[in-house]
Amino acid sequence: MTARFRNPRTSTDMAVATGLGRARRIFLKNFETRLSIGIHDFEKQARQRVIVNVDLYIDPDGKVERDHIDETVDYDFVRREIAALAGSGHFNLQETFCENILAICLARPGVLAARVSSEKLDVYPDCESVGFEIFRTR
């Protein structure tokens, strides 16, 4: 995979924007998967490469004292759930795909807010990607 440079929002930027004041953030960055997505006939012929980014904002007062995964939100679940969702069927819209990921994230105990974005990499030859992003708090 080619190195991709994004301009992700920082946890400080998002904390201020959402009124949280401060935040702790767990993220999945530039996860590449393949899925059936799109409304155009050429998009329905084969699974497309899609990059997914997820930021999970967790309890800013949480403490990790025992160095154990049950003291935080395990980001393995995000990757696992996205992979399962990608294989679950066809999505017409990136908005639908991202909304599903967002719902999974916000249902997870300990997650106060989440940002999800997706980018289809191979739709147009004259641009790097086309995408969608959504942010929501509980």
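Trainee: What covers the buried residues of α2?

Mentor: The cover includes β1, β2 and α3. Contact here means heavy atoms within 4.5 Å. Helices (H or I, at least four residues) and strands (E, at least two) are DSSP runs, numbered from the N terminus. This is a predicted model, in which local features need pLDDT of at least 70 and side-chain atom pairs count only at pLDDT 80 or more, while totals for chains, interfaces and linings use all residues. Residues are numbered from 1 along each chain as its sequence is written, and side-chain values use heavy atoms, with hydrogens and water left out.

Trainee: Which residues of α2 are buried?

Mentor: Phe77, Val78, Ile82, Leu85 and Ala86. Seen down the axis of α2, these residues fall within an arc of 160°, so they line one face of the helix. The arc is that of the directions from the helix axis to the C-beta atoms.

Trainee: Why is alanine 86 called buried?

Mentor: Buried means under 20% relative accessible area, exposed over 50%, and partly exposed in between (1.4 Å probe, protein chains only). Alanine 86 has 1% relative accessibility, so it counts as buried. Leaving aside neighbours within four places in sequence, alanine 86 is in contact with Thr33, Arg34, Leu35, Arg47 and Phe97. Alanine 86 and phenylalanine 97 are eleven residues apart in sequence and 8.3 Å apart in space, C-alpha to C-alpha.

Trainee: Why is histidine 90 put in another class, and which one?

Mentor: Histidine 90 has a relative accessible area of 36%, so it is partly exposed. This residue is found in the loop between α2 and α3. Not counting residues up to four places away in sequence, histidine 90 touches Ser36, Ile37, Gly38 and Lys44. Its C-alpha atom and that of isoleucine 39, 51 residues apart along the chain, are separated by 9.9 Å.

Trainee: What makes a set of residues a nonpolar core?

Mentor: The members must be buried Ala, Val, Leu, Ile, Met, Phe, Trp, Tyr and Cys residues, joined through side-chain atoms within 4.5 Å. The largest such core has 27 residues, and Val54, Leu56, Ile82, Phe97 and Ile101 touch the most other members. At least two residues of this core come from each of β1 (24–35), β2 (48–58), α2 (76–86), α3 (94–107) and β3 (111–120). α3 gives the most, with six residues.

Trainee: What does valine 54 contact?

Mentor: Apart from neighbours within four places in sequence, valine 54 is in contact with Ile26, Phe27, Leu28, Val78, Ile82, Ile101, Cys105, Arg115 and Val116.

Trainee: How many disulfides are there, and how do you know?

Mentor: A disulfide is a pair of cysteine sulfur atoms within 2.5 Å. By this rule the count comes to zero. Cysteine 98 is at 0% relative accessibility, so it counts as buried. Cysteine 105 has a relative accessible area of 1% and is therefore buried.

Trainee: What is the phi of asparagine 30?

Mentor: Phi is near 55°, a positive value in a residue other than glycine. Asparagine 30 lies in strand β1. At 11% relative accessibility, asparagine 30 counts as buried.

Trainee: What pattern does the protein follow along the sequence?

Mentor: The pattern reads α-β-β-α-α-β-β, and the secondary structure comes to three helices and four strands. Buried residues make up 36% of the 138 residues.

Trainee: Where is confidence lowest, and where highest?

Mentor: pLDDT is the predictor's confidence in each residue, from 0 to 100. The lowest is helix α1 (residues 11–18), at a mean of 54, and the highest is α3, at 97. Over residues 1–8 the pLDDT is below 50, and beyond near neighbours in sequence this stretch has 14 contacts in the model. The protein averages a pLDDT of 87, and 86% of the residues score at least 70.
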